Amino acid sequence: MAKHQIRVKVQGTEREAEVESRLLLVHFLREVLGLTGTHIGCDTTHCGACTVLLDGQPVKSCTVLAVQADGREVLTVEGLERDGKLHPIQEGFWQEHGLQCGFCTPGMLITSYALLQRNADPSEVEIRQAISGNLCRCTGYVNIVKAVQHAAAAANAGEQRPPTTAA
Amino acid sequence: MIPAAFDYHAPGTLDEALALLAEHRDDAKVLSGGQSLLPLLKLRLGSAGHLIDIGRIPGLEYIKEEGETLAIGGRTREVELERSELIRAKLPLLADTAAVIADPLVRNLATVGGNLAHGDPANDHPAAMLALRAEVVATGPRGARTIPIDEFFVGLFTTALDAGEILTEIRIPQPPPRSGGAYEKLERKVGDFATAAAAVQITLGAGGKVVAAGIALTNAGPTPVRAVEAERYLVGKQPSAEVIVEAARLAGAAASPSADRRGQVEYKREMSRVLTARALRRAIQRTTRAARATPAARAEEQ
């Protein structure tokens with residue numbers, strides 16, 4: 001019952017598929033497009049492991065229908081890396097050990113990426129508020145906050161100096 | 001989790017949406033931000049044969065001043081309320097409220113109209129709108145009608161909206177000078193419903209006496225609770241420390257919460273009292289200084 005032809009721009013590339021009305025965006029990404037970087041954690045709108053950008057804003061993709069994304073743009077964790085080079089936010093999580101088991105990391109990265117797009121130099125409070133919809137059961141958040149600060153500092157330093165090759 | 005099968009409609013105009021609603025009536029649900037409805041469908045606590053997505057209808061997301069009224073489009077997202085300079089300046093109670101609903105990711109999709117139309121007494125906007133004496137605009141096949149907020153919440157998950165109507169606007173009277181408001185919420189963690197919460201809107205007269213008071217409680221009964229006796233008690237009095245204590249006591253007495261994992265009845269009622277006192281103090285502070293509800297201003301007030 002009720003199939004819909006949808007077109008969604010994922011990491012800038014137009015993807016097209018026929019989907020059921022009730023298909024969730026996270027299932028569309030993982031099962032139809034094979035983008036399994038976006039995780040399913042609680043599946044009840046709490047944990048934020050499934051966070052993706054929808055038209056530039058971080059949302060929980062377990063609580064959006066794939067049909068709602070028709071004609072819109074999605075960015076998943078797979079879209080952060082460019083030409084084999086980690087995005088500064090990924091670099092930050094690596095350098096500051098912003099993960100342990102890594103399950104929450106795709107969501108944390110996307111939420112942090114969106115924060116830095118909006119606010120290039122967030123305070124610790126602003127970082128903690130921004131990631132308050134993303135749960136991490138390992139780190140205690142301390143290194144996640146440091147990772148975001150690392151990325152912000154790197155980006156701000158990069159504005160003053162020409163970029164060098166990544167470590 | 002996957003919801004039971006339904007058909008999805010994405011009307012491009014309000015008229016199309018109303019026609020679909022008229023056709024499917026009780027078998028249809030209006031999909032706004034989806035942050036309450038989709039979890040409900042996934043958990044199979046609710047079902048619908050048809051979802052009518054009003055997210056592609058232009059012109060339902062706005063915050064604007066219309067003379068003596070502040071008008072908010074039904075599909076306005078919480079993130080817009082939270083970041084609106086106009087809301088912070090005019091209705092700090094509403095800025096407070098939007099900033100503590102669910103979590104930031106949910107607030108990027110959740111809408112103020114959806115928060116009200118869901119009819120959940122655990123939601124945060126109902127108490128805020130009661131305190132602000134808002135009106136709800138319901139648009140149906142025969143046009144729009146205005147419902148006073150006191151008549152809007154009929155029962156648990158039940159509102160005065162007819163099956164053929166869509167909540168299109170919320171209208172809030174512009175507070176007069178020397179007004180202030182605040183929302184105080186106790187939650188176990190970000191994203192949880194309130195253990196208890198209190199919304200307060202106050203206007204002082206030239207002599208410093210209370211000339212108008214709106215007080216309402218979240219999650220304190222099967223419908224959002226207006227603390228009528230506390231409101232009546234305050235009007236005409238200087239809001240001294242003792243008066244605030246008594247008003248808060250009356251508000252706590254108006255709460256009839258039920259026990260759950262968030263606490264026992266006695267605890268929740270006591271928290272309703274404590275939070276009302278805090279909200280009263282903050283609201284009164286805000287009548288005398290530039291009303292700002294930024295996190296920095298809040299930290300400064302504390």
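The C-alpha centres of domain 1 and domain 2 of chain A lie 22 Å apart in this model, which is a predicted one. The division behind that distance places residues 3–79 of chain A in domain 1 and residues 88–160 in domain 2. Across the boundary, 15 residues of domain 1 of chain A are in contact with 11 residues of domain 2 of chain A. On the domain 1 side, strand E3 (51–54) and strand E4 (57–60) of chain A are the elements that give two or more residues to this contact, and E3(A) provides the largest share, with 3 residues. Sorted by class, that side of domain 1 of chain A has 7 nonpolar and 8 polar residues, and no charged residues.

Chain A as a whole contains 5 helices and 5 strands, and, read from the N terminus, its elements follow the order β-β-α-β-β-β-α-α-α-α. The radius of gyration of chain A is 16 Å, close to the 15 Å that the globule rule gives for 167 residues, and chain A is therefore as compact as a globular protein of that length. Taken along the principal axes, the box filled by the C-alpha atoms of chain A is roughly 55 × 35 × 25 Å. Of the 167 residues in chain A, 46% count as buried. Where contacts in chain A join residues at least 6 apart in sequence, 60% of these contacts are between residues at least 24 apart.

Chain B itself is divided into domain 1 (7–53), domain 2 (63–173) and domain 3 (179–287). Between the C-alpha centres of domain 2 and domain 3 of chain B there are 19 Å, and 22 residues of domain 2 of chain B are in contact with 25 residues of domain 3 of chain B. The elements that give two or more residues to the domain 2 side are helix H5 (92–99), helix H8 (125–132) and strand E8 (153–155) of chain B, with H8(B) contributing the largest share, 6 residues. The residues on that side of domain 2 of chain B divide into 15 nonpolar, 2 polar and 5 charged.

An open sheet of 5 strands in chain B has the order E4-E5-E10-E6-E7, with antiparallel pairing. Strand E4 (63–66) and strand E7 (143–148) of chain B stand at its edges with a single partner strand each, so one side of each is left without a neighbour in the sheet. On average, and with direction ignored, neighbouring strands of this sheet are turned by 25° against each other. The bridges pair B:Glu135 with B:Pro148 in E7(B), and B:Ala138 with B:Arg145 in E7(B). A hairpin through 2 residues joins E6(B) to E7(B). E7(B) is hardly covered, since the count of buried residues among its 6 residues is 0.

Strand E12 (residues 196–204) of chain B gives another picture: 8 of its 9 residues are buried, so E12(B) is largely enclosed by the rest of the structure. Strand E11 (residues 179–186) of chain B runs antiparallel to E12(B), and 8 bridges join the two; B:Tyr183 has B:Ala199 in E12(B) as its bridge partner. E12(B) also pairs in the antiparallel sense with strand E13 (residues 210–218) of chain B, again over 8 bridges, and B:Ala197 stands opposite B:Thr218 in E13(B). The hairpin of E12(B) and E13(B) has 5 residues between the strands, and in this hairpin B:Gly208 takes a positive phi near 95°.

Technical notes: Residues numbered from 1 in each chain as written. Chains lettered and ligands numbered in written order. Predicted model: local features only at pLDDT ≥ 70, side-chain atom pairs only at ≥ 80, totals over all residues. Helix = DSSP H or I, 4+ residues; strand = E, 2+ residues; numbered from the N terminus. Rg over C-alpha atoms; globule rule 2.2 N^0.38 Å. Buried ≥ 20, exposed ≤ 12 C-beta atoms within 10 Å, placed from the backbone. Contact = placed C-beta atoms within 7 Å. Pairing = 2+ DSSP bridges. Axes fitted to C-alpha atoms, helices over the stretch in contact; angles between N-to-C directions. Domains from an automatic or database assignment. Nonpolar A, V, L, I, M, F, W, Y, C, P; charged D, E, K, R; others polar.
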